[in-house]
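Subject: Structure handover and notes

Hi,

Here is the structure I promised to pass along. Please have it open while you read, and my notes follow below.

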Amino acid sequence: MACAAPPTANLALRAAPGAAPASATRRLLGLSLAVLAGHLWLAEGLVQQQVGWGRGDRAAPAIEVAFVRELQAATPPPSPRALPAAAARLPALARRAQPASAPAPADAPDAPYAPDRSAQAMPAQAAADLAATLPQAEPAAPGGPAPEAAAASSPAREAESAHALAAALAASVAVNDSADAARPPPPLPAMRPAEPAAQPFDWPPSTRMNYVLNGHYRGPVSGTAQVEWLREGSRYQVRMRTAIGPVLSRQIVSEGELTDQGLAPRRFDGEQKVLFSAARRWSLRFGPERITLADGRELGTLPGAQDEASQFVQLTWLFTTRPDRLAVGQSIELPLIVSRSLDRWVYDVVAEETLQFPFGAVPTFHVKPRRPAQSGDLAAEIWFAPSLQYLPVRILIRQREDSWADLTLERPPLQAAPSR
């Protein structure tokens, strides 16, 4: 005869079905906590490896700026060094045209220029060299336009007329040389090559750049970044903020003076915070001869030394004032203090690349440090955009081959109104 189950057994059987969901919830919660702890551990490890901790102050308050417009892409002005080949040869031809025995007048810049004397004094070879610098007229194709129509083709007609004038000048010089050989020609006034007027560098207005951050550190990471260039008179600030979700936030600030040699940092401050831990700060101080590190040690400085925040703007200044340096094959040396050491870093311009952004395609130059990332140093590859005031539109920061953060511009830069 079957016996009825005791009431306690029935209660146990009825409670069993609900036990499984509670256990699954506990397991899911434990897994989530383990993942969060792992991320915190990784973030803390990243912090310890990249920063020389020491006593640090809060960074100075940000210069107050109102960003009022988006920066529009524009063709950069041509380099003053990019002169046509024929124009570059004219000073040499002028020197050849002047007799060697004729001393240059002391008041050469103010001396009047006499065209009739130049024709008598110019040797035939110099006139022929001048003719060689003129553009060549292209022969008319069979079945081409009638003479009346050809006369309307100004480039060809101008080239033909210029060559005829040069030939006549050469013939005139030869006749004058033979007829007046006994009489020395009057001297030409000294001619100095025309140099482009030196334009004072106009520092760009305060600018904010927002980036999307994707990277890898023992697993994929993602976040945001922002770089601000702020200026007030001769004082500047470069502020760079990065955040990886709610787990890690980091801010570095360079502050100093604007000089004829670019940026002169005076102080560098950093602050980093990992979730559930207090913020940690470190500072550097730049003196005329010494740099004081976060741990109190001092290093002898180098002329033009930059920190890890100011380097981006210093290179922008260099390429704006010397666009010839931003060409594939060029190299730039930059004294740079990263982590706990000051070294001369060499950057190579390795390629021209067109990058795609949410707001369109942007032509860039890829600048890469010659030194690989090592010993905890952060090596930054940078893509500069001449059409966007030579600003860095992409920054790839490496610690090792398997540890990197890639910052790409999210939208066009924002700028303040130009200073008056």
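In which strand is Asn210 found? Asn210 is in strand β2, which covers residues 207-217. Helices (H or I, at least four residues) and strands (E, at least two) are DSSP runs, numbered from the N terminus.

A word on ground rules before the rest. This is a predicted model, in which local features need pLDDT of at least 70 and side-chain atom pairs count only at pLDDT 80 or more, while totals for chains, interfaces and linings use all residues. Residues are numbered from 1 along each chain as its sequence is written, and side-chain values use heavy atoms, with hydrogens and water left out.

Buried here means under 20% relative accessible area, exposed means over 50%, and partly exposed is in between (1.4 Å probe, protein chains only). The side chain of Asn210 makes a polar contact of 2.9 Å with the side chain of Gln226. For that term, a pair of N or O atoms must lie within 3.5 Å; within protein, one must be able to donate a hydrogen and the other to accept it, and residues adjacent in sequence count only if both atoms are side-chain atoms. Leaving aside residues up to four places away in sequence, Asn210 touches Ala225, Gln226, Thr408, Leu409, Glu410 and Arg411. Contact means heavy atoms within 4.5 Å.

Glu381 sits in strand β13 (residues 379-385) and is buried, with a relative accessible area of 8%. Which side chains does Glu381 join through polar contacts? One is His366, at 2.8 Å, and another is Arg398, at 3.5 Å. Asp406 is 25 residues from Glu381 along the chain, and their C-alpha atoms are separated by 9.4 Å.

An enclosed helix

Helix α7 runs over residues 310-321. Its twelve residues reach 17 Å from first C-alpha to last, close to the 16 Å expected at 1.5 Å a residue; the expected span is 1.5 Å times one less than the number of residues. Why is α7 largely enclosed by the rest of the structure? Ten of its twelve residues are buried, so the rest of the structure largely encloses the helix. Those buried residues are Ser310, Gln311, Phe312, Val313, Gln314, Leu315, Thr316, Trp317, Leu318 and Phe319.

Salt bridges

How many salt bridges does a search of the whole structure find? The search finds 17, taking a salt bridge as a side-chain nitrogen of Lys or Arg within 4 Å of a carboxyl oxygen of Asp or Glu.

Arg241 pairs with Glu228, with their closest N and O atoms 3.7 Å apart. Arg241 lies in strand β4 (residues 235-244) and Glu228 in strand β3 (residues 220-232), so this pair ties together parts that are 13 residues apart in sequence. Arg241 is partly exposed, with a relative accessible area of 27%, whereas Glu228 is buried at 5%.

Glu271 and Arg281 form a salt bridge of 2.9 Å, N to O. Glu271 belongs to strand β6 (residues 262-274) and Arg281 to strand β7 (residues 280-286), so the pair ties together parts ten residues apart in sequence. Both are partly exposed: Glu271 has a relative accessible area of 27%, and Arg281 has 23%.

Arg344 forms a salt bridge with Glu333, the closest N and O atoms being 3.2 Å apart. Arg344 is in strand β11 (residues 341-357) and Glu333 in strand β10 (residues 331-338), eleven residues apart, and the pair links distant parts of the chain. Arg344 is partly exposed at 44% relative accessibility, and Glu333 is partly exposed at 46%. Elsewhere, salt bridges that share partners join Arg208, Glu228 and Arg241 into one network.

Backbone notes

Most residues other than glycine have a negative phi. Arg218, in the loop between β2 and β3, has a positive phi of about 55° although it is not a glycine. Tyr390 has a positive phi too, near 60°. Tyr390 lies in the loop between β13 and β14 (391-400) and counts as buried at 10% relative accessibility.

Enjoy looking through it!

Best wishes
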